[in-house]
Amino acid sequence: MKTIIRRKLKESAIRIFFFTNGILAIIILVGIFFFLLYTAIPAFREINIGEFFTSKVWNPTSPVKEEHGIVSMIMSTCMVTLGALAVAIPLGIGVAAYLSDVAHWKVREIVKPIVEILAGIPSVVIGFLGIVLFGPFIAKLTGQSHGLNAINGSILLAIMALPTIISISEDSLNAVPRAYSEASLALGASRWQTLMRVKIPAALSGIIAAIMLGMGRAIGETMTVLMATGNAPAFPKGFLSSIRTMTATIAIELGEVPYYTTHYYALFAIALVLFIITFIVNLISDLILRKYQEREL
Amino acid sequence: MELKAKMESKHLNFYYGNKMALKDISIVAPANKVTALIGPSGCGKSTFIRTLNRMNDIIAGTKVEGEILLDGVNINSPKMDVVELRTQVGMVFQKPNPFPKSIFDNIAYGLRIAGMKDRKKIAEIVEKSLKKAALWDEVKDRLHENAFALSGGQQQRLCIGRSLAVDPEVMLFDEPCSAIDPIATAKIEDLIQKMRENYTVVIVTHNMQQAARVSDYTAFLMLGELIEYGETTKIFTNPKNKLTEDYITGRFG
């Protein structure tokens, strides 16, 4: 009798332990959200919320007229992110397809770990590359005075997103049952047709997940864009103009801002907006994933 | 045997790396007949049938020696287009392997990759192929449902229809009934029986009764060697080789 009670106690203790672990992730997430919300709201005591979301001018320290518009930053973040994806998606899927379908297995065994190591390069190093390598190159190519602009940031973020996209896409292409490609080949399809019409569609959920993870990295990346995009807090005129992303603005200004001022709170408001954007991106990718997984079954 | 060979292997050796999987195999698959390959597991019968549409090409480190002829043309010669070969020599696999697409799209796949655009014509051929595969009546009202919603036997008939849609001359069956229940098996055997009117059929099976039921000619393989080849009736009633007799009477295998 006693042993049964003891066993039951043990069981429930273990259950509570794992439940706590599981719930912890949610608590942290919700905690961060409410912390941001709590620190962001005071900003709107002085800033007009409409102005915050529609004004292109961010000049919170002006002695004449303080302005807190984040449109330029949102635009900048979107530009570098989309630019990065435009480079990284075709390249990443191409490399993944090469590794899974074309390359000799010995080549794959060497190349794939190297690609994965790329993911571990610190963002400072990538940013450094942007300043000394891509910057001058872009400047020369476009005839501008310097190459610290949106396109530079896009290329660097693409490099940072590539390892994730390649690695996960390759995994999911490899996970496509061989029976599918055999069936396709036996019907007279070329390897290219088999890849495009059978393997990539079958691996699509994994590929989308890979792209979304890459995108998540690009949106939230700070150091690289801070170093390589020129940090001009003006509305970007195009991919060749210098920009300043939301992340870079927070990183640059939060170190020097007087605490508990409107400026301080406004920076948290930017962080909150960024948090919500990434949350939405993740949500959408989750929905897409679920839709495709249903179709596969 | 005076037979018009549709497909034929002459002194065929096959290697996986250094391992020799087929030794000096010479088999004739006569036109409009069903040729069965039987033998214990690992005897090379699946390897053999996969050399007939060069499916082994996709496995790294394999090597073919000797000749395989389709209408007298060596299919391993550099001039042979493997895509062309595979539209002439269709294949149905051990496990039903429909694509994760609709029933219609599964059948239309081969037509579309061949560049057919005419929707009406595609729909026509899809219907014709499903009828040939004896599946039309069961699926005609749900052509746009996912193929995975079908039962195993139906999926296998779908795969047969998918191969027939590209209008092959030879049909290869690699143990087509090993993952299917007896009633569905009977339906597929029925199909194979009828197919000899228009196609040359080669079937691998581990089920001797099945070979006896559906085939005109039977080849018995063991450990990569051809032990005996001849008319099915003779192989099963009066085998020349002691090993064949032992195998078909169930003494081993």
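# Pairing, packing and contact in a two-chain model

Author: In this predicted model, strand β1 of chain B is joined by eight bridges to strand β4 (residues 62-70) of chain B, and the two run antiparallel. One position in this pairing is B:Ser9, which stands opposite B:Ile68 in β4(B).

Reader: What makes β1(B) and β4(B) a pair of strands?

Author: Two strands pair if at least two bridges are found between them. β1(B) and β4(B) have eight bridges, so they meet that condition. β1(B) also pairs with strand β2 (residues 19-30) of chain B, in the antiparallel sense and over eight bridges. In that pairing the partner of B:Tyr16 is B:Lys19. The hairpin of β1(B) and β2(B) has two residues between the strands, and B:Gly17 takes a positive phi near 60 degrees there.

Reader: How many bridges join β9(B) to β10(B), and in which sense do the strands run?

Author: Six bridges join strand β9 (residues 217-222) of chain B to strand β10 (residues 225-231) of chain B, and the strands run antiparallel. At least two bridges are needed, so this too is a pair. Within it, B:Leu221 has B:Leu226 as its bridge partner. This hairpin has two residues between its strands, and B:Leu223 has a positive phi near 45 degrees.

Reader: Is B:Lys10 buried, exposed or partly exposed, and how do you know?

Author: B:Lys10 is found in β1(B), which covers residues 5-16. A residue needs 20 or more other C-beta atoms within 10 Å to be buried, and 12 or fewer to be exposed. B:Lys10 has 15, and therefore counts as partly exposed. Apart from neighbours within four places in sequence, B:Lys10 is in contact with B:Ser26, B:Gly66, B:Glu67 and B:Leu69. B:His206, 196 residues from B:Lys10 in sequence, is 24 Å away in space, C-alpha to C-alpha.

Reader: Why is α3(B) called roughly parallel to α6(B)?

Author: The axes of α3(B) and α6(B) come within 7 Å and cross at roughly 30 degrees. Angles under 35 degrees count as roughly parallel, and the two helices are therefore described in that way. The crossing of α3(B) and α6(B) is right-handed. On the α3(B) side the contact involves B:Ile103, B:Asn106, B:Ile107, B:Tyr109, B:Gly110 and B:Leu111, which meet B:Leu158, B:Gly161, B:Arg162 and B:Ala165 in α6(B). By class, six of these residues are nonpolar, three polar and one charged.

Reader: What makes α6(A) roughly antiparallel to α9(A)?

Author: Helix α6 (residues 150-174) of chain A packs against helix α9 (residues 204-220) of chain A at an angle of about 160 degrees, with their axes 8 Å apart. That angle makes α6(A) roughly antiparallel to α9(A), since the term applies to angles over 145. The crossing of α6(A) and α9(A) is right-handed. Among the residues that make the contact are A:Leu157, A:Met160 and A:Asp171 of α6(A), and A:Ile207, A:Leu213 and A:Arg217 of α9(A). The residues of this contact divide into eleven nonpolar, five polar and two charged.

Reader: What elements does chain A have, and how much of the chain is buried?

Author: Chain A has twelve helices and two strands. Of its 297 residues, 38% count as buried.

Reader: How many residues of chain B are in contact with chain A?

Author: The contact involves 22 residues of chain B and 17 residues of chain A. In chain B, α2 (82-88), β6 (89-92), α3 (103-113) and α6 each supply at least two residues of the side that touches chain A. That side has 13 nonpolar, six polar and three charged residues.

Definitions and conventions:
Residues are numbered from 1 along each chain as its sequence is written. Chains are lettered from A and ligands numbered from 1 in the order in which they are written. This is a predicted model: local features need pLDDT of at least 70, side-chain atom pairs count only at pLDDT 80 or more; totals for chains, interfaces and linings use all residues. Two residues are in contact if their C-beta atoms, placed from the backbone, lie within 7 Å. Helices (H or I, at least four residues) and strands (E, at least two) are DSSP runs, numbered from the N terminus. Ala, Val, Leu, Ile, Met, Phe, Trp, Tyr, Cys and Pro count as nonpolar, Asp, Glu, Lys and Arg as charged, and the others, Gly among them, as polar. Axes are lines fitted to C-alpha atoms, for helices over the stretch in contact, and angles run from 0 to 180 degrees between N-to-C directions. Angles under 35 degrees count as roughly parallel, over 145 as roughly antiparallel, 65 to 115 as roughly perpendicular and the rest as oblique. A crossing is left-handed if the near helix is turned anticlockwise from the far one by less than a right angle, and right-handed if clockwise.
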